[in-house]
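Please look at the structure below before reading on.

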There are 2 protein chains.
Amino acid sequence: MADPRISIINERMKEIDSVIAVSSGKGGVGKSLIASTLALSLAKKGCAVGLFDLDFTSPSTHAILGIVDERPKENKGIVPPMVHGLKYMSITYYSHDLATPLRGADVSNALVELLSTTIWGKLNYLILDMPPGMGDATLDAVRFVNNIEFLIVTTSSKLAFETVKKLATLLRELRVPVLGVVENMKMNDSNAIQQETQKLGLKFLEEIPYDSEVEAAIGHSDKLLQTVVADRMNHLCSKILSI
Amino acid sequence: MADPRISIINERMKEIDSVIAVSSGKGGVGKSLIASTLALSLAKKGCAVGLFDLDFTSPSTHAILGIVDERPKENKGIVPPMVHGLKYMSITYYSHDLATPLRGADVSNALVELLSTTIWGKLNYLILDMPPGMGDATLDAVRFVNNIEFLIVTTSSKLAFETVKKLATLLRELRVPVLGVVENMKMNDSNAIQQETQKLGLKFLEEIPYDSEVEAAIGHSDKLLQTVVADRMNHLCSKILSI
């Protein structure tokens, strides 16, 4: 029998105009930082924004945004706390940040549980911080969430971009729309990633130079908004808002 | 009924002196590069070495080592090809590098299949390139492979080290020995990671400065051996050999 919770996911999310899944082929490219900063930037522009950390492999948006005590409340479902102007949910509220990892079936179960019980209300944007690659959680999100669009983050590295190719191929096969590609932590002048992105038939959205100030801004949303990353995300927001 | 293949895994691996699982809390810290370079360095010192890429989330050792045509052969099991002085196996030989990802149960199945059928023969060291974090594949490897020891790779980033703490906690709970921690892509003089490592009761093995030459060496094992990473891995090998 189909899980009855699945049918209510889109009912729960019906007042969300746009769901953007921030994804990457591999870890360590700055995906969570981009997701967090994009959400902050959209909120700063006056949008109603939710941020949902689904990266069960290494959830980190709470650390990036400096979220310590804020917890969701229960009221005929789970009501996300308001943090730095965002409605915030994380898979860590489910796993309670235990060292013990969720196994495959548990990940799917946690995802369905959180998607079907979280009360987002009216949002212009829900930003999902996805696990890297195309694992179970990503496949599930694609299956369960209507109108999901992907934003792919990469670095300038060949290895990172090889994994983007795979991700892009699979998303094309699944007919999932891709907003485009962001090149993060760029340390040279090469436009190789831009060219390769266009070869894949994808839009090259933004390049973000490597910024040594970011590390010190981790955990401080006000400092984050002063980094080069935030500046470029602000630029990207204007593009997204004009789509 | 227990999977009969599991009981033959350790029979298959009985002539391997030491199994080192190169792991990380999160992706993108250079784990696969460290695993590949460590394997090359040990082989250069005259050891019989195998390298087994189990990182189904983004297998990349074949790209790092420039492995194109070499394939395993079947002879009462799977015989890994000899590449750059290493016996080499990868989960990509199982998944055939398809875009379509393996789901949780398939990952376990692929892992058991490869561990139970690969004929390594006599080895001093088998280096496993693990998926980042503690997912199903890592838990399975810990359960199935006797005498596995972990080498943990991190960068200098707070976010990366937070995930190391989780990994270390879980490995301690599972009573899996940890050789120590390697700090990769270090761009400053801080010894914070070294101190934090020691607080976890783990050995700080090596620090590797960020090396902009590495990107150009990807795919060329001879160039890789001339990088700063190889120099530090060579140093680490001497420590490992003297244990």
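Is B:Cys47 buried or exposed? In this predicted model, B:Cys47 has 14% relative accessibility and therefore counts as buried, since the cut-off is under 20%. B:Cys47 is in no disulfide; the nearest cysteine sulfur belongs to B:Cys237 and is 7.4 Å away.

Over all chains the count of disulfides is zero. A:Cys237 is likewise in no disulfide, with the sulfur of A:Cys47 as the nearest cysteine sulfur, 7.4 Å away. A:Cys237 counts as buried because its relative accessibility is 0%.

| Cysteine | Nearest cysteine sulfur | Distance |
|---|---|---|
| A:Cys237 | A:Cys47 | 7.4 Å |
| B:Cys47 | B:Cys237 | 7.4 Å |

The interface is the next topic. Chain A gives 38 residues to the contact and chain B gives 38 residues. Between them, the two chains bury about 2,800 Å², of which 56% is on carbon and sulfur atoms. On the chain A side, the most area is lost to chain B by A:Arg103, A:Leu159 and A:Lys166, which together make up 22% of what that side buries.

Across this interface, zero salt bridges are found between chain A and chain B, while four residue pairs are in polar contact, both residues being at pLDDT 80 or more.

Which elements of chain A give two or more residues to the side that touches chain B? They are α3 (61-65), α5 (104-117), α6 (136-144), α7 (158-173) and α9 (214-217). The largest share, seven residues, comes from α7(A). By residue type, the side of chain A that touches chain B divides into 15 nonpolar, 13 polar and 10 charged residues.

Terms used:
Residues numbered from 1 in each chain as written. Chains lettered and ligands numbered in written order. Predicted model: local features only at pLDDT ≥ 70, side-chain atom pairs only at ≥ 80, totals over all residues. Heavy atoms only, no water. Contact = heavy atoms within 4.5 Å. Buried area = accessible area lost by both parts, 1.4 Å probe. Salt bridge = Lys/Arg side-chain N within 4 Å of Asp/Glu carboxyl O. Polar contact = N/O pair within 3.5 Å; in protein donor to acceptor, adjacent residues only side chain to side chain. Helix = DSSP H or I, 4+ residues; strand = E, 2+ residues; numbered from the N terminus. Nonpolar A, V, L, I, M, F, W, Y, C, P; charged D, E, K, R; others polar. Disulfide = S-S within 2.5 Å. Buried < 20%, exposed > 50% of the residue type's maximum accessible area, 1.4 Å probe, protein only.
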